[in-house]
Amino acid sequence: MGSAPSLEPSPVDHLRERARSFACYPVRDKEKRMKRTQFRWFVVFLLFAITVVNYVDRAAISYAIPAIQRDLGLSADLVGTVLGAFGLGYALTTLIGGFAVDRYGARAILTIAAVLWSLSIGMTGLASGFVILFAARVLLGVSEGPNFPALTGAISHWLSPHERATALGNALLAVPLALAVGGPLVTWLLGKLDWRLTFLVLFLISAAWVPLWYLFFRDDPADSRFVNEAELAHIRKSDPTVSATPHAALKSWPGLAELRLLLTNRTLLANYWAFFVFGYFLFFFMTWLPLYLSQKYGMNIQRVGLFTVAPWGTAAVVLWLMGFWSDRLLRTTGRLRVARSYLIAGSQLVAALAVIPVALTDSLVVALSGITVAVAASMGANAAYYAVNVDIVPQRAATALGIMDFGFALAGFLAPTITGLVLGLRGSFTDSFLLMAGLALSSVLVVLLFHHPDRDRQMS
């Protein structure tokens with residue numbers, strides 16, 4: 001009589017059951033076990049690096065202009081024209097650059113732009129007269145125009161919604177840092193070399209970035225061999241408060257209906273105006289601060305370079321903190337009005353109040369303190385300005401940024417030009433500082449009345 005079969009599973013059955021259980025794990029559990037790559041932050045670093053180069057290049061002439069004026073025999077009005085030439089060139093391409101980034105992607109557009117502005121910096125060092133110098137500055141503006149639309153487009157595709165303001169803050173931190181280190185760096189180069197060799201060094205630095213960008217960046221993170229599935233899933237995590245599919249690259253030109261939206265949306269219009277005012281502040285201090293300190297307080301070029309560190313260094317810290325704070329407010333309140341609008345209005349109010357004592361004082365300490373607060377406050381909400389474009393129209397963020405940056409480019413022409421005219425008529429910077437205070441107060445009013453991103457965002 002045979003024995004009854006055992007009810008205990010055999011070792012083979014046990015192994016089969018274990019294999020089936022592992023095979024049935026959901027994909028999301030597999031992703032949890034996969035360590036997420038962090039390559040998106042390297043992309044942010046690349047954008048940060050080229051923006052540093054961008055701003056050192058555009059601001060260098062404000063330190064070199066006394067030597068250039070002497071060697072080329074330029075009159076004061078021609079100097080003002082040269083300083084304003086960048087804004088003219090910039091206005092030509094920052095708007096078209098936004099369209100082009102949405103159509104062709106940030107990789108191609110920013111590569112071409114960086115090659116061209118490297119050449120323009122080299123051309124500046126070779127200038128033999130006003131015409132070539134003016135043309136080089138226009139070309140620099142033309143080629144740098146697409147930089148910020150490309151930056152915004154890249155971040156809208158590479159960062160999840162709740163990381164965008166932080167990423168933008170990190171990338172845009174390059175602006176004040178470049179201006180903080182650019183002053184001592186350029187004045188040191190000018191002390192060791194002449195202005196022509198200084199611009200040759202800047203040309204080499206600009207050109208070195210191009211192969212890194214083209215090698216490592218892809219318009220779609222899914223096409224990057226440095227991004228694994230876990231990071232891609234994190235990047236594409238949906239956020240119902242912003243957009244269901246904010247990362248889809250359209251690769252097309254905007255239609256008339258989309259352009260109408262970008263030019264009639266009240267939040268975007270208020271954002272454009274506030275950013276224009278920020279641009280007026282930035283270009284005034286970037287182009288005229290060295291001459292203001294030299295003329296008003298008799299500083300030599302080396303002291304000017306050192307004294308410009310405090311305003312731009314403080315601005316770098318404030319910009320980084322406010323970018324982080326903006327995302328923190330969005331996570332805790334869920335309201336874009338709180339996370340974006342109030343930061344913009346508050347920072348502009350502080351900037352307006354800070355420049356008033358600068359206009360009325362003869363004290364270097366008071367002037368430098370007011371300028372430091374004004375520069376830091378006006379630049380502090382920079383990440384929020386950029387994030388609003390992604391929040392409102394994620395599919396056309398680069399185009400919206402191009403429109404916003406067009407106003408910024410006009411400020412780049414108007415701020416140095418108007419200041420030069422006022423200085424020629426009155427011989428004083430007082431009216432220029434009071435004008436900036438008025439502009440900043442107008443932007444506060446416009447933002448408080450019309451800047452409602454929660455109401456005006458477009459869901460895709």
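Analyst: A residue is called buried when its relative accessible area is under 20%, and exposed when that area is over 50%. The model is a predicted one.

User: What share of the residues in the chain is buried?
Analyst: The chain is built of 21 helices and 0 strands. Its accessible surface comes to about 19000 Å², and 68% of that belongs to carbon and sulfur atoms. Of the 460 residues in the chain, the buried ones make up 55%.

User: On which helix does the nonpolar surface patch draw for its largest share?
Analyst: The patch is formed by Leu349, Leu353, Ile356, Leu360, Leu434 and Leu441, which together have about 520 Å² of accessible area. Two helices, α16 (336-360) and α20 (430-450), each supply at least two of its residues. Leucine 349, for one, lies in α16 and is partly exposed, at a relative accessible area of 36%. The largest share, 4 residues, comes from α16.

User: Which residues are exposed on the other side of α10 from its buried residues?
Analyst: The buried residues of α10 are Trp195, Thr198, Phe199, Leu202, Ser206, Trp209, Val210 and Trp213. Because they cover an arc of only 130 degrees around the axis, they lie on the same side of α10. Their cover includes α3 (39-72), α5 (106-125) and α9 (174-192). On the other side of α10, the exposed residues are Leu204 and Pro211.

User: How far apart are the end C-alpha atoms of helix α10, and what span should its residues give?
Analyst: Helix α10 covers residues 195-216, and at 1.5 Å a residue its 22 residues should span 32 Å.

User: What residue follows α19, and what is its phi?
Analyst: Helix α19 (residues 397-426) has 30 residues and reaches 42 Å from its first C-alpha to its last, close to the 44 Å expected at 1.5 Å a residue. The residue that follows α19 has a positive phi, near 70 degrees, and is glycine 427.

User: How many residues apart in sequence are the parts that lysine 296 and aspartate 362 tie together?
Analyst: Lysine 296 forms a salt bridge with aspartate 362, in which the closest N and O atoms are 3.0 Å apart. Lysine 296 lies in helix α13 (residues 266-297), whereas aspartate 362 lies in the loop between α16 and α17 (364-380), so the separation in sequence of the parts tied together is 66 residues.

User: Is arginine 70 buried or exposed?
Analyst: The side chain of arginine 70 meets that of aspartate 71 in a salt bridge, with an N to O distance of 3.1 Å. Aspartate 71 counts as partly exposed, at 45% relative accessibility. At 59%, arginine 70 has a relative accessibility that makes it count as exposed.

User: What is the distance in space, C-alpha to C-alpha, between phenylalanine 324 and alanine 167?
Analyst: Phenylalanine 324 lies in helix α15 (residues 309-333) and is partly exposed, with a relative accessible area of 38%. In sequence, phenylalanine 324 and alanine 167 are 157 residues apart, while in space their C-alpha to C-alpha distance is 8.6 Å.

Terms used. Residues are numbered from 1 along each chain as its sequence is written. This is a predicted model: local features need pLDDT of at least 70, side-chain atom pairs count only at pLDDT 80 or more; totals for chains, interfaces and linings use all residues. Side-chain values use heavy atoms; hydrogens and water are left out. The expected span of a helix is 1.5 Å times one less than its number of residues. Patches are made of residues with over 30% relative accessible area and no salt bridge: like charges are joined within 9 Å, nonpolar side chains (Val, Leu, Ile, Met, Phe, Trp, Tyr) within 5 Å. Accessible areas come from the Shrake-Rupley method with a 1.4 Å probe; for residues, only the protein chains shown count as cover. A salt bridge is a side-chain nitrogen of Lys or Arg within 4 Å of a carboxyl oxygen of Asp or Glu. Buried means under 20% relative accessible area, exposed over 50%, partly exposed in between (1.4 Å probe, protein chains only). The arc is that of the directions from the helix axis to the C-beta atoms. Contact means heavy atoms within 4.5 Å.
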